[in-house]
Amino acid sequence: FTSDPQKLASQTEITSFEQAVQSSIQAKSSGPTTQEIEKLPKWEMNHSLNGKKEGSVQVFSKNGKAIAAQWSDVSQTWIEVGEVTGQPIDSTSSSGLGHGQGRHAGVINGVSYDFVFPIEIDTPSGEIQTLQIGYNNGENPFVTAQQFIDEHTLDQNYLSQIADYIRNRVGNEGNVPTIGLEDGTTTTPSSSTAEPMDYTPTVSSTKYQHLPMAGYKSFENGTDMKTLSKIASKITEFNSTILNNINLSSNEIDITLQNLCMTLSATNRYHASSISKSELDVIMKMIQHWSMEHVFPAFDIARLLVLHPDASSSSKIEFWNVVIGVALEKCNELNQQMDVGTGGGVHKVALPMLSFRLFANCIKGGKGSQTAVETNFASIIKCVDSFTPSGNKNIRLAASTVLLNTSSYLKSKKSMNNEETYNITEIPQLFLTVVSKILSLSSYETEAIVRTLVALGTVLLVDEVFVRKAKELMIASIAQSTASQHGSKAIEIGNEIQSILS
């Protein structure tokens with residue numbers, strides 16, 4: 001800027017500068033672009049990226065949108081808190097003013113803030129308590145909201161609501177930051193220091209519509225208290241017929257098991273709740289000592305338990321190693337005794353079905369359950385193979401889901417580490433043989449076939465070992481033939497598999 005007429009910029013330069021300023025303002029107001037969102041880490045793989053400290057905020061890509069998540073040190077998980085939008089533009093903006101100089105400025109406990117807003121809270125007595133929250137331009141509204149929750153010991157569920165309230169109120173007075181990686185950062189997603197994950201196939205650079213599988217499918221139904229109570233009732237019923245030395249005590253039934261069910265039902269509190277050793281011991285006691293006829297409700301609890309962040313954390317590897325090992329033993333024992341799906345007891349269907357659902361959920365779970373699954377991959381695939389002819393559709397769907405999640409896990413580990421996480425000489429042959437068998441059976445429903453096809457396509461993008469083995473088994477023709485009988489989506493996936501193998 002100058003007062004010397006000879007140094008003034010030309011009208012063309014001034015116009016160009018003004019246009020550049022407006023473009024910059026518009027970019028900030030519109031939020032992250034599609035290209036910026038594509039560069040973000042995928043939400044489906046959030047388990048592989050740890051936060052630097054409690055309350056750290058990371059932006060992820062989810063369903064084509066940028067979403068913010070907050071790191072919890074307690075549960076070792078990311079908690080989704082909201083969608084990332086642009087910065088509101090308002091003629092009354094207070095940017096440029098110092099702390100405490102805006103229209104909504106104020107002081108709380110001797111600290112000056114650009115904004116001070118009232119928040120009304122319902123108290124247990126039924127009265128309304130009015131609290132004050134302070135916010136400064138450039139701060140992260142989610143971090144401010146979390147600090148407010150911690151200070152006043154409020155329910156964690158208020159986080160998103162309070163953060164949105166701050167953003168809406170500040171939008172009428174000043175700038176709202178775009179959420180970045182660290183506390184207080186006001187950066188666009190493209191300037192984040194987090195390295196985006198590479199999802200480019202190692203075998204082919206072609207991008208496919210359905211491949212590879214991103215994230216995991218899970219069996220989460222049953223976390224409501226009504227269903228959990230039914231499972232607990234079945235355990236209580238069976239417990240009355242179990243020998244005294246291996247049955248559950250009244251305290252284990254009435255207190256420990258009930259507390260576990262209450263914790264599992266409160267899914268919105270998973271980030272803050274934990275699973276006690278006594279609760280794990282109750283599940284382990286049933287799984288290790290109860291017979292095939294009685295143990296399946298324990299596996300039902302276990303397949304929900306593994307979705308709790310604390311229960312599946314890295315410190316629980318040995319627990320899940322034992323659980324998975326016993327499930328495999330009992331399924332193999334059952335398979336040797338009789339054909340699956342025939343009469344003679346509920347457990348003949350429930351045991352393999354719930355074991356497979358457990359395996360699938362373990363792959364989606366935390367590092368503890370994932371490591372346990374990875375150790376048992378070969379045995380799990382062999383177990384799935386032995387039950388592929390099942391006459392029960394729930395077993396068939398669970399079996400295909402185990403294959404689907406296994407493929408996604410192998411692909412994600414390969415993409416991140418660029419190294420195999422499986423036995424090169426065994427897993428490809430086992431995996432592709434089971435896939436080929438399922439695709440050759442006419443009994444599988446469309447959803448199970450689609451999951452199996454996606455599993456096949458995903459492992460083919462892991463490395464050339466799977467591709468060579470698939471060609472040896474001539475699996476491309478089997479896949480296309482089966483896909484043609486299960487609708488347009490299956491046909492499209494079959495064509496993509498053919499493209500990879502051609």
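## Ground rules

This is a predicted model, so local features need pLDDT of at least 70 and side-chain atom pairs count only at pLDDT 80 or more, while totals for chains, interfaces and linings use all residues. Residues are numbered from 1 along each chain as its sequence is written, and side-chain values use heavy atoms, with hydrogens and water left out.

## The chain as a whole

The chain has 18 helices and 7 strands. Both are DSSP runs numbered from the N terminus, with at least four residues (H or I) for a helix and at least two (E) for a strand. Of its 502 residues, 50% count as buried. Here buried means under 20% relative accessible area, exposed means over 50%, and partly exposed is in between (1.4 Å probe, protein chains only).

The chain exposes about 23200 Å², and carbon and sulfur atoms supply 48% of that. Those areas come from the Shrake-Rupley method with a 1.4 Å probe; for residues, only the protein chains shown count as cover. Look at contacts (heavy atoms within 4.5 Å) between residues at least 6 apart in sequence, and 67% of them join residues at least 24 apart.

## Two nonpolar cores

A nonpolar core is a set of buried Ala, Val, Leu, Ile, Met, Phe, Trp, Tyr and Cys residues joined through side-chain atoms within 4.5 Å. The largest one has 107 residues, and Phe-299, Leu-305, Trp-320 and Phe-356 have the most contacts inside it. Helix H10 (residues 347–364) gives the most to this core, with 11 residues. Apart from it lies another core of 19 residues, among them Ile-119, Ile-133, Tyr-135 and Phe-142.

Back to Phe-299: leaving out residues up to four places away in sequence, Phe-299 touches Ile-287, Val-323, Val-326, Ala-327, Lys-330, Leu-351, Leu-354 and Leu-358.

## Ring meets ring

There are 9 aromatic pairs in the structure. Rings of Phe, Tyr and Trp (its six-membered ring) pair if their centres lie within 6.5 Å; planes under 30 degrees apart are stacked, over 60 edge-to-face, and the rest tilted. Phe-115 and Tyr-135 make a tilted pair, 6.1 Å centre to centre with 40° between the planes. This pair links distant parts of the chain, with Phe-115 in strand S6 (residues 115–122) and Tyr-135 in strand S7 (residues 128–135), 20 residues apart. Phe-115 is buried at 0% relative accessible area, and Tyr-135 is buried at 2%. Together with Phe-117, these two form one aromatic cluster.

Phe-356 and Phe-359 have ring centres 6.2 Å apart and planes at 40°, so that pair is tilted as well. Both sit in helix H10, 3 residues apart, or about one turn of the helix.

Side chains of opposite charge can pair when their charged atoms come close. A salt bridge here is a side-chain nitrogen of Lys or Arg within 4 Å of a carboxyl oxygen of Asp or Glu, and the count comes to 11. Arg-396 is one to look at: its side chain meets Glu-445 in a salt bridge (2.4 Å, N to O). Glu-445 lies in the loop between H14 and helix H15 (446–460) and Arg-396 in helix H13 (residues 393–417), so the pair ties together parts 49 residues apart in sequence. Arg-396 is buried at 7% relative accessible area, whereas Glu-445 is partly exposed at 30%. The charged end of Arg-396 also sits over the ring of Tyr-444, 5.9 Å from its centre. That label needs NZ of Lys or CZ of Arg within 6 Å of the ring centre and within 35 degrees of the ring normal.

Lys-437 forms a salt bridge with Asp-385, their closest N and O atoms being 2.7 Å apart. Lys-437 is in helix H14 (residues 427–440) and Asp-385 in helix H12 (residues 377–386), 52 residues apart.

A cis peptide bond joins Leu-211 and Pro-212, with omega about -10°. Pro-212 is found in the loop between H4 and H5.

Asn-63 has a positive phi, near 55°, without being a glycine. Asn-63 belongs to the loop between strand S1 (57–62) and strand S2 (65–72), and counts as exposed at 69% relative accessibility.
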